Amino acid sequence: MFKKMLLTLTGIMLVSTLFIACTEDDDPEVPAGNSEIPFLQMGNFAAAGDSIIYNIDVTGEDTLSVYWVEDGTKAVADIECSVYKKDGITPYTQIDNGKDFLNIDNSSPTFAKRIAVLEDEVIVKVKAVTAGDFTLLSTSEKPYFFVKEDILADTTSVFDYTVAVGEAKNVIIYWEEMDDNTGETADIQGSVYKVDGITPYIQLDNNKPFVNKDNSSLDNPKEIAVDSLETQIKIHIERDVSNPVPGNFKIYVKDTTVE
């Protein structure tokens with residue numbers, strides 16, 4: 001039913017990283033490993049005070065936006081983020097306010113923190129204020145407004161997400177699930193609505209309502225034009241009625257606005 005989604009991790013979002021769990025009092029350590037941009041990492045903190053450190057390869061990049069997702073269904077972590085130079089000690093300075101990128105707790109896809117890249121690698125430390133899961137992204141491209149992994153515990157489970165898309169004119173919505181070689185096991189279908197939760201968005205490629213679609217993937221994404229009067233979209237996910245298989249899945253919302 002779905003084309004393979006291996007591109008999610010091997011192409012557009014190749015993630016090759018090693019991580020180190022630190023205590024609250026530990027200084028940042030610099031692990032080996034690297035990643036390509038865009039960098040995406042989902043994680044979970046078992047306890048407040050835990051931290052993870054990532055190496056991100058930024059070769060050839062002039063600027064970098066760093067942001068994270070910590071809200072939504074089952075995303076309950078409250079995190080702080082710091083960005084260092086390769087020495088793991090010297091913090092980067094934020095472009096927008098000239099302040100050190102240390103223990104920042106308020107970044108989001110529509111309010112990303114930007115740095116001017118000075119080396120071929122940056123060190124990003126993520127620390128848990130409260131336990132739970134989170135998603136960290138770093139990119140020089142247009143932002144992913146939403147990246148989320150969830151679990152359909154049974155065939156009657158449903159999920160409703162409200163996703164802030166700021167002033168984006170166009171976005172794509174796609175997901176990973178069973179039969180896509182990513183390890184996701186649920187068989188799902190999705191619908192995308194305006195803020196009222198009733199009026200469906202129209203797919204740009206075929207002019208059909210985005211309701212109960214079971215074939216959106218990275219190599220076959222569904223694109224919509226966001227209502228100019230709204231800054232959020234609503235996404236409804238449930239099991240595929242033709243093949244009601246519970247399990248885990250990932251869902252993505254990415255800005256595709258053409259300037």
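**The pocket and its surroundings**

Modeller: The largest pocket has a volume of about 410 Å³. On a 1 Å grid over the protein atoms alone, a pocket is an open set of points with protein on both sides within 12 Å along at least five of seven lines, while a cavity is a set of points where a 1.4 Å probe fits but cannot get out. Grid points are joined across faces, edges and corners, and a volume is the space filled by probe spheres set on those points. Please keep in mind that this is a predicted model, where local features need pLDDT of at least 70 and side-chain atom pairs count only at pLDDT 80 or more, though totals for chains, interfaces and linings use all residues. Residues are numbered from 1 along each chain as its sequence is written, and side-chain values use heavy atoms, with hydrogens and water left out.

Which residues lie nearest the centre of the largest pocket? They are P109, T110, P143, F145 and D255, out of 21 residues in the lining; a lining residue has an atom within 4 Å of a point. By class, this lining is made up of eight nonpolar, five polar and eight charged residues. Here Ala, Val, Leu, Ile, Met, Phe, Trp, Tyr, Cys and Pro count as nonpolar, Asp, Glu, Lys and Arg as charged, and the others, Gly among them, as polar.

Contact means heavy atoms within 4.5 Å. V253, V171, I173, I233 and I235 are also the residues with the most contacts inside the largest nonpolar core, which has 35 residues. Such a core is a set of buried Ala, Val, Leu, Ile, Met, Phe, Trp, Tyr and Cys residues joined through side-chain atoms within 4.5 Å; buried means under 20% relative accessible area, exposed over 50%, and partly exposed in between (1.4 Å probe, protein chains only). Among the strands that each supply at least two residues of this core are β9 (144–152), β11 (170–176), β14 (232–239) and β15 (247–255). There is also a second, separate core of 24 residues, with F45, V117, A128 and F134 among them.

F249 sits in strand β15 and counts as buried because its relative accessibility is 0%. Its partners beyond four places in sequence include E149, L152, F159, Y161 and I237.

The structure holds one cavity of 30 Å³ or more, and the largest cavity has about 40 Å³ of space. E80, C81, S82, N103, K125 and K127 line it, and β5 (78–84) and β7 (121–130) each give two or more residues to that lining. β5 gives the most, with three. The lining divides into one nonpolar, two polar and three charged residues.

One of the lining residues, K125, has a C-alpha 6.4 Å from that of Y54, across 71 residues of sequence. Y54 belongs to strand β3 (residues 51–57) and is buried, as its relative accessible area is 1%. N103 lies in the loop between β5 and β6 (113–116) and has a positive phi of about 55° although it is not a glycine. N103 is partly exposed, at 47% relative accessibility.

Stepping back, the protein comes to one helix and 15 strands, where helices (H or I, at least four residues) and strands (E, at least two) are DSSP runs numbered from the N terminus. Of its 259 residues, 48% count as buried.

Finally, a word on confidence. pLDDT is the predictor's confidence in each residue, from 0 to 100; its mean here is 83, and 83% of residues reach 70 or more. Confidence is highest in strand β13 (residues 222–225), at a mean of 97, and lowest in helix α1 (residues 7–10), at 33. Over residues 1–35 the pLDDT is below 50, and this stretch has 102 contacts in the model beyond near neighbours in sequence. Where pLDDT is low, the predicted coordinates should not be read in detail.
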